[in-house]
Amino acid sequence: MTQAEIKLCSLLLQEHFGEIVEKIGVHLIRTGSQPLRVIAHDTRTPLDQVKKALCVLIQHNLVIYQVHKRGMVEYEAQCSRVLRMLRYPRYIYTAKTLYSDTGELIVEELLLNGKMTMSALVKKVADRLTETMEDGKTMDYGEVSSTFVRLADTHFVQRCPLVPATENSDPGPPPPAPTLVISEKDMYLVPKLNLIGKEF
């Protein structure tokens, strides 16, 4: 990773998420994977602020974590994903071109919020579209939902990995961090949405 790329990552993180998230993200880019306490010590940042910054970075898929055999969790920045933030305007424009204003707002909300449930996303986009409509008109949830389904069908959006269901209840202590998995065939499956009606 070149110094120019690190500086660019730093500027992108600061612009989108603020100073603390930028500090933690750039530290991980420079040092590689590290456990929570080492990050807090090396950056001289309070532990609770480091946790919040890591949550933001994980929410936006900019940091991954891994549990090691000794039970320690290490966090690692994904520099290539940080640099992809430069393409966000292009993603939004492409969604608008292919899927109209509804597709544009769906992609914009996902890029702003990171991971979201489909129901929360559909409701938020319908609310935003209703605000822009003439008096008395409302946006139908079904219309937003069908645009979301089209985005998933064309692999523009994908499902988040989940904690796998366990068959037997293990009496031992829970792992320090969950292992998230998703099969290739489930990656673009869209859940049945139970939002009925229009936004008023």
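Colleague: Which helices and strands each supply at least two residues of the lining of the largest pocket?

Modeller: Helices H4 (47–59), H6 (88–113), H7 (118–132) and H8 (141–153) do, and so does strand S2 (63–67). Helices (H or I, at least four residues) and strands (E, at least two) are DSSP runs, numbered from the N terminus. This is a predicted model: local features need pLDDT of at least 70, side-chain atom pairs count only at pLDDT 80 or more, and totals for chains, interfaces and linings use all residues. Residues are numbered from 1 along each chain as its sequence is written, and side-chain values use heavy atoms, with hydrogens and water left out.

Colleague: Which residues are closest to the centre of the largest pocket?

Modeller: A pocket is an open set of points on a 1 Å grid over the protein atoms alone, where a 1.4 Å probe fits, with protein on both sides within 12 Å along at least five of seven lines; lining residues have an atom within 4 Å of a point. Here the largest pocket has a volume of about 1500 Å³. Its lining has 41 residues, and Asn61, Lys115, Gln158, Arg159 and Cys160 are the closest to its centre.

Colleague: How many disulfides does the structure hold?

Modeller: A disulfide is a covalent bond between the sulfur atoms of two cysteines. The cut-off is a pair of cysteine sulfur atoms within 2.5 Å. This structure holds zero.

Colleague: Is cysteine 79 buried or exposed?

Modeller: Buried means under 20% relative accessible area, exposed over 50%, partly exposed in between (1.4 Å probe, protein chains only). Cysteine 79 is buried at 11%, and cysteine 9 is buried at 0%.

Methods:
Grid points are joined across faces, edges and corners, and a volume is the space filled by probe spheres set on the points.
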